[in-house]
Amino acid sequence: MFNPVIIVAIVFQVIIGKFSRIAGAITGYIITTGILIWGISVYREGYQMAFFGITLPSNVFLLGCGFWFWMDTREFKAAIKQSKEILPENFICPKCGKEVNLSQKEKNEKNFICPECNEIIYVDKEPIKELLPKEIICKKCGEELILNNRERTERKFICPECNKLIDYNNDESSYYKVTSDEEK
Ligand SMILES: [Zn+2]
Ligand SMILES: [Zn+2]
């Protein structure tokens with residue numbers, strides 16, 4: 001009885017999380033609390049909870065719930081952080097590949113209508129990355145390079161001069177623009 005209920009609850013949570021990560025995280029708390037209350041009543045009656053055939057002493061069960069709450073909290077914090085993120089000013093439309101300038105409202109709401117292809121673009125499910133500048137100086141060899149939109153969006157490229165992979169995704173260091181922001 002215990003295991004199927006947990007599996008159904010977790011599947012339920014994943015489905016809710018597909019629509020809203022915050023709602024999914026809150027569902028996680030409700031599920032954990034429900035199982036904790038259920039477990040406590042089972043132990044009160046002198047029975048034990050079992051997890052895939054292994055009976056759990058009450059202290060192990062409580063420890064497990066504590067760990068589960070900790071996981072829920074981590075997910076909840078991550079969900080809040082993601083919801084607070086806004087889009088960068090310049091964004092490459094994933095449909096047509098054109099660069100668009102976003103208004104403050106569009107940046108906050110994380111969706112916009114692309115002026116080039118007229119598609120409605122929702123960006124809230126993807127991680128948000130700042131575009132690399134069009135012209136950049138290779139930090140390995142110092143060569144001036146022009147990046148294409150895909151390289152700018154993915155924040156990595158192979159320098160044609162020194163053949164090194166330059167990846168800014170896990171790199172907080174600043175890049176060197178060739179020209180100032182006034183270009184266009
Ligand atoms: Zn577009
Ligand atoms: Zn290079």
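**Reading the model**

Modeller: Let's start at one spot: P115 sits in the loop that joins strand 5 (111–113) to strand 6 (120–122). Helices (H or I, at least four residues) and strands (E, at least two) are DSSP runs, numbered from the N terminus. This is a predicted model, where local features need pLDDT of at least 70, side-chain atom pairs count only at pLDDT 80 or more, and totals for chains, interfaces and linings use all residues. Residues are numbered from 1 along each chain as its sequence is written, while chains are lettered from A and ligands numbered from 1 in the order in which they are written.

Colleague: Is P115 buried or exposed?

Modeller: A residue is buried if 20 or more other C-beta atoms lie within 10 Å of its own, exposed if 12 or fewer, and partly exposed in between, with C-beta atoms placed from the backbone. P115 has 11 within 10 Å, so P115 is exposed. Across the protein chain, 10% of the 184 residues are buried.

Colleague: Where is confidence lowest, and where is it highest?

Modeller: Look at pLDDT, the predictor's confidence in each residue, from 0 to 100. Strand 11 (residues 176–177) has the lowest mean, 64, and helix 2 (residues 21–44) the highest, 93. The chain's mean is 84, with 89% of its residues at 70 or more. Over residues 180–184 pLDDT stays under 50.

Colleague: How do I describe two packed helices?

Modeller: Use the angle between their axes and the distance between the axes. Axes are lines fitted to C-alpha atoms, for helices over the stretch in contact, and angles run from 0 to 180 degrees between N-to-C directions. Helix 2 packs against helix 3 (residues 58–84) at about 170°, with axes 8 Å apart. So helix 2 is roughly antiparallel to helix 3 (under 35 degrees is roughly parallel, over 145 roughly antiparallel, 65 to 115 roughly perpendicular, the rest oblique).

Definitions and conventions
Two residues are in contact if their C-beta atoms, placed from the backbone, lie within 7 Å.
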